[in-house]
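Hello,

Here is the structure I promised to pass on to you. Please have a look at the sequence and the model, and then read on for what turned up.

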Amino acid sequence: MSYGHRHRLLALAFVGATGLLVASAAAETVELTVFGAGTLATPFKEVAAAFEAKNPDVVVRPQFGGSVMMARHITDLHQSADVLAVADYTVIPKYLMAPGQASYANWYAGFAQNAITFVYTANSQYAKEVTADNWLDYLTRPGVQIGRSNPDTDPSGYQTLQMLALAERHYNQPGAAAKVLANAPLSNMRDTETDLVAALQTGQIDYLAIYRSDALQHHLQFLDLPAAINLGDPTYAADYAQAVAQTKNGELKGKPIIYAVTIPTNAEHPAEASRFVAFLLGPEGRRIMAQDGFGTIEKAYVMGIDQMPADLRNLVVSWPSR
């Protein structure tokens with residue numbers, strides 16, 4: 001065999017071996033499915049990018065929508081998710097840990113806070129007159145167009161109803177909630193409130209019930225509503241509980257807005273999911289959440305600490321008494 005022929009054979013062998021190594025590396029890459037509340041889209045995409053930079057063996061595949069809807073993708077449609085993060089911590093025990101039904105989770109951790117508000121633009125009706133003190137007077141006027149999310153599929157939807165019930169009492173304006181909702185018909189409702197940001201920006205609606213974090217992310221004007229009604233201050237928990245939203249899923253009492261995360265029991269990649277959650281609960285994850293307008297919790301509150309992955313337990317504390 002000539003030298004040239006042997007050289008060509010060795011080169012082909014090297015190329016073949018390199019191809020096998022590349023294929024092997026690609027085969028070892030894990031695709032992590034993350035279900036998240038619609039309002040988590042911006043920070044979670046940033047969290048995913050930062051996590052992937054430090055974990056090149058994992059590719060994060062996020063999907064966002066109303067928290068109840070995403071939970072039901074797991075429980076009703078039996079879709080597999082490696083991580084579930086919701087805008088209301090009670091969604092996880094209600095849908096994934098319901099007594100007498102198949103259990104899809106055995107722990108959850110509260111990792112961020114938020115508050116309900118109304119956002120608007122300079123082109124919204126009464127934009128120059130409306131304030132955090134007089135907003136009920138303007139948002140109840142005929143012709144004002146208000147957007148909101150569906151209370152049957154999304155926490156923001158029923159938290160808006162709870163906030164309006166609290167506002168009636170706070171401002172001593174009985175019946176005001178119904179007048180606001182009359183300006184927020186079904187045609188102005190979506191499964192998640194972030195789907196209506198474009199409608200607000202183009203003037204199709206004047207005001208949008210949404211989280212404070214979204215207002216900051218989208219650089220929108222917003223009403224800095226009192227802590228007594230915005231569901232953003234845990235010290236008002238007893239007062240919030242007096243507001244009840246009627247939904248197709250039953251009566252829902254008001255609670256402080258705390259986002260929660262879990263690793264469903266049907267997760268295909270629990271080890272990688274644990275790494276992602278550790279990153280989310282750690283300092284870099286908290287920094288990203290804070291810069292996107294969320295209130296952060298230095299050590300996440302956990303329910304079911306004995307059931308969560310052992311490597312996460314040093315990042316959490318037991319959920320405070322409620």
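Which elements each supply at least two residues of the lining of the second largest pocket? They are α4 (91-96), α6 (155-170) and β11 (250-253). Before the rest, a word on the ground rules. This is a predicted model, so local features need pLDDT of at least 70 and side-chain atom pairs count only at pLDDT 80 or more, while totals for chains, interfaces and linings use all residues. Residues are numbered from 1 along each chain as its sequence is written, and side-chain values use heavy atoms, with hydrogens and water left out.

Back to that pocket. The second largest pocket holds about 180 Å³ of space and has 16 lining residues, with Asp88, Thr90, Tyr158, Leu252 and Lys253 nearest its centre. Seven of the lining residues are nonpolar, five polar and four charged. (A pocket is an open set of points on a 1 Å grid over the protein atoms alone where a 1.4 Å probe fits, with protein on both sides within 12 Å along at least five of seven lines; lining residues have an atom within 4 Å of a point. Its volume is the space filled by probe spheres set on the points, which are joined across faces, edges and corners.)

Now the overall picture. The protein has twelve helices and 14 strands, taken as DSSP runs numbered from the N terminus (helices H or I, at least four residues; strands E, at least two). Its C-alpha trace spans about 95 × 45 × 35 Å along the principal axes. Of the 322 residues, 51% count as buried (under 20% relative accessible area with a 1.4 Å probe, protein chains only; exposed is over 50%, and partly exposed lies in between).

You will find an open sheet of seven strands with mixed pairing, in the order β2-β1-β3-β12-β4-β13-β14. Strands β2 (58-65) and β14 (316-318) are at the edges with a single partner strand each, so one side of each has no neighbour in the sheet. On average, neighbouring strands here are turned by 25 degrees against each other, direction ignored. Strands β1 (30-37) and β2 run parallel, joined by eight bridges, and valine 30 faces valine 58 of β2. (Two strands pair if DSSP finds at least two bridges between them.)

Two helices lie on this sheet's strands. Helix α2 (41-54) lies across β1, β2, β3 (83-86) and β4 (108-113), at about 175 degrees to β2. Helix α12 (283-291) lies across β4 and β13 (295-303), at about 125 degrees to β13. (Axes are lines fitted to C-alpha atoms, for helices over the stretch in contact, and angles run from 0 to 180 degrees between N-to-C directions; contact means heavy atoms within 4.5 Å.)

Strand β8 (207-211) also deserves a look, with five of its five residues buried. β5 (116-120) pairs with β8 in the antiparallel sense over five bridges, while β6 (146-149) pairs with β8 in the parallel sense over two. Tyrosine 207 of β8 stands opposite tyrosine 120 and is also the bridge partner of isoleucine 146.

Finally, two residues other than glycine have a positive phi. Histidine 78, with a phi of about 60 degrees, sits in the loop between α3 (67-75) and β3 and counts as exposed at 54% relative accessibility. Leucine 231, with a phi near 65 degrees, lies in the loop between β9 (221-222) and α10 (237-240) and counts as buried at 0%.

Best wishes

Technical notes
Nonpolar A, V, L, I, M, F, W, Y, C, P; charged D, E, K, R; others polar.
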